[in-house]
Amino acid sequence: MTVLDTRALNRATLARQLLLDRADVPVVDAVAHLCGLQAQEPQEPFVGLWSRLRAFDPAALSDLLTGRAVVRTHLMRRTVHLLTAEDVLAWRSRHDAMLRQRVVGTYRRELEGIDFDALAAAGRAVLADGEPRTAAELVRAVADRWPTTPPRPLGELLVAALVPVAQVPPRGLWRAKGGVRNAPLATWLGREVDPPAPGGDDPVGRVLVRRYLAAYGPAATADLRAWSGLAGLPAAVAALRGELVAFRDERGRELLDLPDAPRPDPDTPAPVRYLPAFDNAILGYDDRTRIIDTAHRGLSVAGERVVLVDGRVAATWRVEGDAVVVTPLRALSRADRDAVAEEGRALASFLTDHDGDRVRVADPA
């Protein structure tokens, strides 16, 4: 079985994630290809798409949100993602059990004895008037039936697990500020989420495997589990094995992939790219060494924005005033510093609506 080294996996990831060459595709198609973008920080997906698409216009993403073609909702790993309406309607039921388990795992003691079906029905009844509500408002409306349960666990169980909801605009619009208000997905999108497949079949699981590999492969089943939060989708993987190809990584793990997916030459040059906080190009794997050193793995879950140099995390970045400030994690060559500064100026221009292009590359941390 062919062994793919770390650099080969890196270039495959960059190609699948639209980070090797910026793509010239509509924004909605990019969101679909990426299987959604992690979006608990509302402005971060705009940077993620700017780094991946040619001539990205942030108004295009805002228009998709207000037009209800893309949706902010809890899904993979019980985190807020920005997904196409089509995908969230098709995938939500497949994630229901995981969403519930993750909330209960966090608040097991506080939620002991709760009748989840009764709570879900009460939440749906409150939202039936079509008025978006905050989690706090939703909890206050049902609290008389569960007076001893703390508000936060009750609210998270409702909006992150029991009732499929969308976080409605202005939350998530370009440069807009707005708290989280929730509306039922069925109301917001005009139809109910797809029900689970009958008879134990898992067509959605098979779709998720194919779509994940198209955007993240080659990858191990542990990587698929880390991205989705689901338990590895073993039946779906087994059903698809006949149409997949297999490799090994340097640790000996089996990696699966779509046969015709891009696997660029490991020596393919990789341009500097700026990634937003919690980007799935990093979080979408159990073994993240293809893109980030083990010593820096904690950055990926701490909300640090990072810079890729030669395809790997080599710096963090932040905004100070109207300037992009870069802090390298290691010494950079002069050529790399120049490339980081050039891309940083382009990012600063994007973030300031072309009013400035200030960037400062600090000394290594």
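A charge sits over a ring if NZ of Lys or CZ of Arg is within 6 Å of the ring centre and within 35 degrees of the ring normal. Keep that in mind for the first stop in this predicted model.

Select Arg68 and Trp188. The charged end of Arg68 lies over the Trp188 ring, 3.5 Å from its centre.

Next, select Arg22 and Trp50. Here the charged end of Arg22 is over the ring of Trp50, at 4.7 Å from the ring centre. Trp50 also belongs to an aromatic cluster, together with Phe46, Phe56, Trp174 and Phe350.

The structure has nine aromatic pairs, and Phe56 with Phe350 is a tilted one, 6.1 Å centre to centre with 45 degrees between the planes. Phe56 is in the loop between α3 and α4, whereas Phe350 is in helix α14, 294 residues apart. Phe56 is buried at 10% relative accessible area, and Phe350 is buried at 6%.

For a stacked pair, select Tyr212 and Tyr216: their ring centres are 4.8 Å apart and their planes meet at 10 degrees. Both residues are in helix α10, four residues apart, so about one helical turn separates them. Tyr212 and Tyr216 are buried.

Finish with helix α6 (residues 116-127) and helix α8 (residues 151-162). Their axes come within 10 Å and cross at roughly 80 degrees, so the two helices are roughly perpendicular. On the α6 side, show Phe116, Leu119, Ala120, Gly123 and Arg124; they meet Leu154, Leu157, Leu158 and Leu162 of α8. Of these contact residues, seven are nonpolar, one is polar and one is charged.

Conventions:
Residues numbered from 1 in each chain as written. Predicted model: local features only at pLDDT ≥ 70, side-chain atom pairs only at ≥ 80, totals over all residues. Heavy atoms only, no water. Axes fitted to C-alpha atoms, helices over the stretch in contact; angles between N-to-C directions. Parallel < 35°, antiparallel > 145°, perpendicular 65-115°, else oblique. Contact = heavy atoms within 4.5 Å. Nonpolar A, V, L, I, M, F, W, Y, C, P; charged D, E, K, R; others polar. Phe/Tyr/Trp six-rings, centres within 6.5 Å; stacked < 30°, edge-to-face > 60°. Buried < 20%, exposed > 50% of the residue type's maximum accessible area, 1.4 Å probe, protein only.
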